[in-house]
Amino acid sequence: MNAWKLSPGQNGMDLDQHNVSIGEPGEGEVRVRIHAASLNKRDLMILGGQYPVNIEGSIIPLSDGAGEITAVGENVDNLSIGDRVSNLFWRDWIDGPALADHVAMGAEIDGVLADEIILPAHALVKIPNTLSYAEAATLPCAALTAWNALMETGDLKAGQTVLTLGTGGVSLFALQFAKSVGARVIITSSSDEKLARAKELGADILINYVTTPNWAEEVQRLTEGKGADVVIETGGPGTLSQSLEAAGFSSQVTMIGVQAGADQSISPLPLLFKKIRLQGIMVGNRVMFENMLNHMIKHNIRPVVDQIFNFNELPAAIQTMTTSVHFGKIAIVN
Ligand SMILES: NC(=O)c1ccc[n+]([C@@H]2O[C@H](COP(=O)([O-])OP(=O)(O)OC[C@H]3O[C@@H](n4cnc5c(N)ncnc54)[C@H](OP(=O)(O)O)[C@@H]3O)[C@@H](O)[C@H]2O)c1
């Protein structure tokens, strides 16, 4: 079968296609024919050698996939040949708190960018027929992160205000989940065209963070000084100060991204004076994934897949993601 493989190179990681053999699933395992995968910013960081993981030898990249079960090992009772499934980002994180020794797909262990993969049955979740494979392949990382931030670690209620940064995968899922529970959504973007598309998805307040560089002040102005109840912090060091400024009293700022700007000094005083809860999130577990899927089915939420590439077009897909022209998710079909 064909698989893309990452191995340490001179400038970060090298990416090549290989013909590899795959065996039969062992006890408790299943084999999945991967029909789609999706890209995350993390995949670009791993490729560039900027992700804090030590890859020895080579691994199959990408954490997020969806496909069909083609073989079932012994003692698997919840999955059958032909089932449509998506995988967990953290292969063995089923429930409860995250543990330091959990391993993530496409980094510490092989990912999904291959014709077929073998995984323990517990690392796979059945997906509804209403979602295409490309749509389902966007769920393991971006969707679950947004869901965890708002609905599991967070406790979003109808009528509250969510501020979400940018129009990438995590941010658009946050927009969709927040609207589905009756929250008001403020979204930022560098592009008025993307903001117009976000409005079509239900965003209530649109702020261009390039033409309005003091966007936190604008959030406070437009909320009459109340600020946001939940901030989906997908930026990182370059946006955190303004996110704390935009946050309201007793709010939650969920630290998710590391893409904006370099380290800078960030005052902790808003945390104290506004009693803000600053919470780091690393995706989510299987129980959260199932909760999210049930909610998506109930509210007919469909992932925003902006562009689809073929398996052999991975370099072009990566190039597109690098330029941030996408709105939502980029998928790869096979
Ligand atoms: N902690 C976790 O569990 C977790 C999970 C998933 C992702 N992440 C991280 O979260 C971040 C977003 O991930 P993603 O998958 O949504 O990425 P993505 O789909 O590539 O989205 C990137 C978008 O972020 C926006 N952006 C970039 N710089 C910004 C800034 N300074 N201010 C506001 N928005 C900015 C841009 O939106 P516009 O084009 O609209 O300006 C850009 O298109 C990444 O750093 C990623 O590594 C973390």
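1. E29 lies in strand β3, residues 29-38. Strands here are DSSP runs of E with at least two residues, helices are runs of H or I with at least four residues, and both are numbered from the N terminus. E29 counts as buried because 21 C-beta neighbours lie inside 10 Å. The cut-offs are 20 or more other C-beta atoms within 10 Å of the residue's own for buried, 12 or fewer for exposed, and partly exposed in between, with C-beta atoms placed from the backbone. Leaving out residues up to four places away in sequence, E29 touches G73, I118, L119, P120 and A121; contact means that the C-beta atoms of two residues, placed from the backbone, lie within 7 Å. E29 and N75 are 46 residues apart in sequence, and their C-alpha atoms are 8.4 Å apart in space.

2. A note on the basis of these points. Residues are numbered from 1 along each chain as its sequence is written. The model is predicted, so local features need pLDDT of at least 70 and side-chain atom pairs count only at pLDDT 80 or more, while totals for chains, interfaces and linings use all residues.

3. An open sheet is formed by six strands in the order β10-β9-β8-β11-β12-β13, with parallel pairing. Two strands pair if DSSP finds at least two bridges between them. At the edges stand β10 (205-208) and β13 (277-280), each with a single partner strand, so one side of each is left without a neighbour in the sheet. From one strand to the next the twist averages 15°. Strands of a sheet pair through backbone hydrogen bonds, either parallel or antiparallel.

4. Strand β11, residues 228-233, is mostly covered, with six of its six residues buried. Three bridges join β11 to strand β8 (residues 161-165) in the parallel sense. In this pairing V162 stands opposite V230, and T164 stands opposite I232. Strand β12 (residues 247-255) also runs parallel to β11, and five bridges join the two. Here I232 stands opposite T254 of β12. Between β11 and β12 the chain passes through helix α7 (residues 240-246), and this β-α-β crossover is right-handed. A crossover is given that hand if, with the strands pointing away from the viewer, the path from the first strand over the helix to the second runs clockwise.

5. Strand β9 (residues 184-189) pairs with β10 in the parallel sense over four bridges. S189 stands opposite N208 in β10. Together with helix α5 (residues 192-200), β9 and β10 make a right-handed β-α-β unit.

6. Helices α3 (residues 139-152) and α9 (residues 286-298) pack at an angle of about 90°, and their axes are 10 Å apart. That angle makes α3 roughly perpendicular to α9. The classes are roughly parallel under 35 degrees, roughly antiparallel over 145, roughly perpendicular from 65 to 115, and oblique for the rest. Axes are lines fitted to C-alpha atoms, for helices over the stretch in contact, and angles run from 0 to 180 degrees between N-to-C directions. On the α3 side the contact is made by A143, L144, W147, N148 and E152, and on the α9 side by M288, F289 and M292. By class, the contact has six nonpolar, one polar and one charged residues.

7. A158 is placed in the loop between α3 and β8. This residue counts as exposed because 9 C-beta neighbours lie inside 10 Å. Apart from neighbours within four places in sequence, A158 is in contact with V181, G182 and A183.

8. G225 is in the loop between α6 (215-222) and β11. With 9 C-beta neighbours inside 10 Å, G225 counts as exposed. G225 and F249 lie 24 residues apart in sequence and 9.9 Å apart in space, C-alpha to C-alpha.

9. Two residues deserve a check of the backbone. Most residues other than glycine have a negative phi. L62, in the loop between α1 (41-47) and β4 (64-72), has a positive phi near 75°. L62 counts as buried, with 28 C-beta neighbours inside 10 Å. N300, in the loop between α9 and β14 (305-310), has a positive phi near 50°. N300 counts as exposed, with 8 C-beta neighbours inside 10 Å.

Notes:
Ala, Val, Leu, Ile, Met, Phe, Trp, Tyr, Cys and Pro count as nonpolar, Asp, Glu, Lys and Arg as charged, and the others, Gly among them, as polar.
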